[in-house]
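Hello,

Here is the structure I promised to pass on. Please have a look at it first, and then read my notes below.

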Amino acid sequence: MGYGVAMTTLVITLLGDDKPGIVALVSESVARHGASWERSSMSRIAGKFAGIVEVTVSESAADALVDDLSTVSTSAALELTIERVSPSTAPRLGGYSASLTLTGQDHPGLLHDVAAVFASLGVSIEELETDTGPAPMGGFVLFGATASLFVPDLISPVELETALEAIANDLMVEIEFE
């Protein structure tokens with residue numbers, strides 16, 4: 001893709017039964033149309049393969065790529081959604097990045113409680129991964145989360161940490177600020 005070529009960004013989500021070769025099929029289609037695989041996140045969850053991919057492709061090849069991915073979707077029994085997106089031109093308000101690690105005894109609504117704290121403070125979740133598993137000693141289930149956050153300048157690191165710790169006494173919060 002040469003300089004001055006109009007580019008389109010596509011966000012592709014995929015979901016299907018987990019089997020070898022899914023990424024190879026999708027990436028082959030992306031490469032065939034001269035698109036660039038920018039970012040992705042993929043996981044096997046409950047026997048399903050789920051992923052989200054950002055690709056850039058020349059505007060002139062975008063429709064052909066979308067058609068090709070539709071064919072891949074049918075042949076691989078994948079649910080695919082494709083959305084054309086425009087880079088945001090709105091300036092991001094002042095803030096800072098933070099990495100968050102949470103561990104605590106799992107209970108219904110825990111993630112909602114954490115997300116509600118973020119929403120109330122205007123904190124954006126850039127990336128989030130969660131998991132549950134047995135506690136090493138204790139006979140209960142532990143909830144764990146790691147997140148990349150964007151925190152508005154108006155919210156101090158202490159305020160964010162205090163707000164998270166207030167939702168559960170047994171919630172361990174570790175935040176690193178960049």
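S2 gives the most to the lining of the largest pocket, with 6 residues. Before I go further, two remarks on how to read all this. This is a predicted model, in which local features need pLDDT of at least 70 and side-chain atom pairs count only at pLDDT 80 or more, while totals for chains, interfaces and linings use all residues. Residues are numbered from 1 along each chain as its sequence is written, and side-chain values use heavy atoms, with hydrogens and water left out. Helices (H or I, at least four residues) and strands (E, at least two) are DSSP runs, numbered from the N terminus.

**The pocket**

The largest pocket has a volume of about 560 Å³. Its lining has 19 residues, and Arg39, Ser40, Ser41, Ile52 and Glu127 are the closest to its centre. Two or more lining residues come from each of strand S1 (7-17), strand S2 (36-45), strand S3 (48-58) and strand S6 (124-134). By type, the lining divides into 8 nonpolar, 6 polar and 5 charged residues. Here Ala, Val, Leu, Ile, Met, Phe, Trp, Tyr, Cys and Pro count as nonpolar, Asp, Glu, Lys and Arg as charged, and the others, Gly among them, as polar.

As for the terms, the search runs on a 1 Å grid over the protein atoms alone: a cavity is a set of points where a 1.4 Å probe fits but cannot get out, a pocket is an open set with protein on both sides within 12 Å along at least five of seven lines, and lining residues have an atom within 4 Å of a point. Grid points are joined across faces, edges and corners, and a volume is the space filled by probe spheres set on the points.

**The cavity**

By this rule there is 1 cavity of 30 Å³ or more, and the largest cavity has a volume of about 40 Å³. Which residues line the largest cavity? They are Leu100, Leu102, Leu111, Val114, Phe118, Ile125, Leu128, Ala145 and Ala147. That makes 9 nonpolar, no polar and no charged residues. H3 gives the most to this lining, with 3 residues.

Buried means under 20% relative accessible area, exposed over 50%, and partly exposed in between, with a 1.4 Å probe and protein chains only.

Not counting residues up to four places away in sequence, Leu100 is in contact (heavy atoms within 4.5 Å) with residues including Phe118, Leu149, Leu164 and Ile175.

Val123 sits in the loop between H3 and S6 and counts as buried, at 8% relative accessibility. Beyond four places in sequence, Val123 touches Phe118, Leu149, Phe150, Val151, Pro152 and Leu160.

In helix H1 (residues 22-32), Ile22, Val26, Ser29 and Val30 are buried. They lie on the same side of H1 because they cover an arc of only 100° around the axis, the arc being that of the directions from the helix axis to the C-beta atoms. S1, S2, S3 and helix H2 (59-75) are among the elements that cover these buried residues.

His33 is in the loop between H1 and S2. Leaving out residues up to four places away in sequence, His33 touches Val57, Ala61, Ala64, Leu65 and Asp68. Thr8, in strand S1, is buried with a relative accessible area of 9%.

**Two loops to look at**

Most residues other than glycine have a negative phi. Ala46, in the loop between S2 and S3, has a positive phi of about 50° and is exposed at 80% relative accessibility. Ala77, in the loop between H2 and strand S4 (79-85), has a positive phi near 55° and is exposed too, with a relative accessible area of 58%.

Best wishes
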